[in-house]
Amino acid sequence: MPYLTSLVQRMTDAAEIADLHARETALAPTRSFIVQAPAGSGKTELLIQRYLGLLATVDEPEEIVAITFTRKAAAEMRARVLEAFADVGAGKPPESDHERRTQALARAALARDRARGWRIDDSPARLRIQTIDSLCAALTRQMPVLSKFGSQPESVEDAGALYAEAARATIELIEAKDAAAEYVARLLDHLDNNVERVEQLLVDMLSRRDHWLRHVLGLRRDDLQAALAAERHAVLARVLTLVRAQLPADAQGELLQIANFAYANLGRPPLSTLPGADDAEGWKALAGLLLTEKDSWRKSLTKNNGFPAGPAHAARKQQALALIARLGESNALCAALADARRLPAAGYDDEQWQVLEAITELLKRAVAQLKLVFQSRGQVDFTEVSQRALLALGDSEGPTELALRLDYQIRHLLIDEFQDTSISQFELVAKLTAGWTPDDGRTLFAVGDPMQSIYRFREAEVGLFLRARALGIGNVLFEALELSANFRSQAGIVDWVNEAFVQVMPEYEDIASGAVAYTESTAVHPRLPGAAVEVRARIAGGASSEAAQVADIVAGIAAENAKQGTTPSIAILVRGRSHLSEIVPQLKQSGLAFRAIEIDRLDDRPVVQDLLALTRALAHSGDRLAWLAILRAPWCGLKLADLHTLAGTD
């Protein structure tokens with residue numbers, strides 16, 4: 001690989017080429033990969049290079065389908081592919097090694113374009129780079145009968161109003177003369193006749209129906225009992241696995257001795273071995289011995305825990321505390337023990353089943369009501385589009401003509417931000433690749449960062465990323481690759497993030513729970529002078545005081561930059577939009593110019609409030625409050641004392 005040799009010669013820092021082999025491997029056109037690409041690792045460039053490389057191997061450009069999750073990402077990817085073609089055509093010299101590689105791939109793709117007569121310059125739409133929502137919509141348009149859409153409805157980003165309408169219609173079934181009325185009454189009785197809460201719960205469930213709908217249909221009591229038993233077994237098995245991983249065999253025997261010492265003093269029967277994966281009560285008792293009521297490791301033991309006071313028991317108590325300290329190195333074990341002690345009973349009693357039956361039956365009816373709302377409004381959410389696209393493709397036993405045609409047409413599928421994949425979208429990919437066989441030349445390439453799954457984009461399930469990496473999708477098995485180089489931030493920031501997040505995120509991956517362990521990044525850019533990250537914690541003072549401090553920090557940075565003659569941008573990140581309600585006024589008061597997109601509500605702006613007051617006064621001359629607001633507005637500017645003189649006695 002001459003490119004690899006050239007790059008190795010140019011780079012002096014070994015950290016910069018830590019993942020170079022993975023990046024080169026990812027371009028192999030006949031192999032399927034799933035790539036974990038952390039923030040700042042250049043995954044978009046890798047996707048583009050993969051796409052350009054595949055273009056040089058196919059007969060038609062439509063054989064490659066690249067899927068993104070936002071229109072902006074799709075537009076950016078298409079633009080960068082066309083830009084690579086333009087750079088080659090203009091003879092633009094590359095400025096870096098990765099640009100040299102991109103241009104080489106683009107040159108090969110253009111050669112294929114000329115040989116096959118594609119004329120991509122004249123028909124860029126032949127590049128199938130699209131969002132997954134547009135792909136699903138296209139599938140439903142091609143099979144309107146099977147998808148049960150008929151005419152194509154409008155897809156809406158925020159379907160909350162539609163969910164609320166369906167939830168209210170479901171609650172109104174209490175007036176019906178069938179079993180639905182009994183189910184509604186039963187649920188209302190369980191929730192103290194709080195109609196608003198029932199409505200909100202139904203709204204929340206409808207927004208997440210992609211998760212549970214397939215399980216609710218045809219659900220029986222035995223099914224729920226089996227699911228509960230399986231979940232209990234999985235939790236206990238995880239505890240047992242972690243204990244064995246954290247403690248060698250001799251220490252496990254020591255834990256057994258300590259537990260039996262405490263149990264003897266508490267009047268509990270002794271243990272012959274550590275509890276098994278089906279012994280919930282045994283693990284609950286052991287968790288109670290090791291953890292406090294707040295689910296943290298114990299730092300002291302008393303007679304209530306089975307360790308009486310006095311010198312005769314001091315040695316055993318110290319032995320127990322030392323072992324707990326040893327176990328305390330594992331946050332994952334602490335969390336697993338806490339889960340074990342909170343496990344519910346092994347089965348549902350009749351009263352619980354009455355409520356569960358009402359919930360499951362009402363959820364089915366709520367989905368039916370939602371479909372009626374969709375039909376009457378001519379609008380659907382993205383989950384509905386995904387589910388209807390699955391209908392249009394049929395199943396593995398009976399694929400539709402559309403599925404067979406796509407199986408013939410698509411040879412390479414690329415998926416960006418794979419951690420944002422929902423269950424329906426995962427099934428869609430499985431159906432699109434259902435006819436693929438190993439070594440038939442067709443490939444699946446998925447790239448994403450499961451560590452970013454905290455954002456939960458459109459009910460994404462990060463466990464699907466972990467599952468795909470371990471088990472593949474359908475008949476397609478992946479080769480797993482990891483990118484580690486960070487091209488975005490300086491070494492000081494990357495090192496701080498590595499140190500902080502390894503303590504925050506789980507120690508071990510778990511597909512069932514979607515737990516993702518942290519993977520460290522390696523900085524390409526050197527450390528800059530000064531502290532890369534500064535933490536200023538505020539314990540008291542309130543939101544207003546905190547906002548004032550934020551404004552002072554921003555003003556200080558801006559003043560320092562002004563002295564140096566630079567004007568870099570400063571970003572303020574908050575947990576939620578409501579947290580800016582105090583910060584925005586402080587920035588305005590400090591005279592700091594800022595740009596806030598969809599943050600400052602239009603009707604909160606003074607000029608809009610003044611215009612609304614003028615409109616109300618002109619529409620109704622008796623609107624006293626509107627007229628007072630006009631007199632107070634900047635175009636009149638009366639003081640409060642003046643207003644009192646004019647209208648205080650009237």
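This is a predicted model: local features need pLDDT of at least 70, side-chain atom pairs count only at pLDDT 80 or more; totals for chains, interfaces and linings use all residues.
In this talk, a contact means heavy atoms within 4.5 Å. By that rule, leucine 444 touches Ser32, Phe33, Leu413, Ile415, Val429, Trp436, Ile473, Val476 and Phe478, where residues up to four places away in sequence are not counted.

Good morning. Residues are numbered from 1 along each chain as its sequence is written, and side-chain values use heavy atoms, with hydrogens and water left out.

I begin with the nonpolar cores. A residue is buried under 20% relative accessible area, exposed over 50% and partly exposed in between, with a 1.4 Å probe and protein chains only. A nonpolar core is a set of buried Ala, Val, Leu, Ile, Met, Phe, Trp, Tyr and Cys residues joined through side-chain atoms within 4.5 Å. The largest such core has 68 residues, and Leu413, Phe418, Leu428, Leu444 and Ile473 have the most contacts inside it. Helix α16 gives the most to this core, namely eight residues. Apart from it lies another core, of 40 residues, including Ala280, Leu286, Ala332 and Cys334.

Helices and strands here are DSSP runs numbered from the N terminus: helices are H or I with at least four residues, and strands are E with at least two.

I turn next to the aromatic rings. Rings of Phe, Tyr and Trp (its six-membered ring) pair if their centres lie within 6.5 Å; planes under 30 degrees apart count as stacked, over 60 as edge-to-face and the rest as tilted. The structure holds five aromatic pairs. Elsewhere, ring pairs link Phe418, Phe426 and Phe465 into a cluster.

Finally, the spaces. On a 1 Å grid over the protein atoms alone, a cavity is a set of points where a 1.4 Å probe fits but cannot get out, and a pocket is an open set with protein on both sides within 12 Å along at least five of seven lines; lining residues have an atom within 4 Å of a point. The second largest pocket holds about 820 Å³ of space. Among its 24 lining residues, His211, Trp212, His215, Leu224 and Ala227 are the closest to its centre. Helix α10 supplies the largest share of that lining, five residues.

How many cavities of 30 Å³ or more are there? The count comes to one. The volume of the largest cavity is about 40 Å³. Its lining consists of Thr170, Ile171, Val184, Leu187, Leu188, Val198, Leu202 and Leu362, and α8 gives the most to this lining, with three residues. Thank you.

Terms used. Grid points are joined across faces, edges and corners, and a volume is the space filled by probe spheres set on the points.
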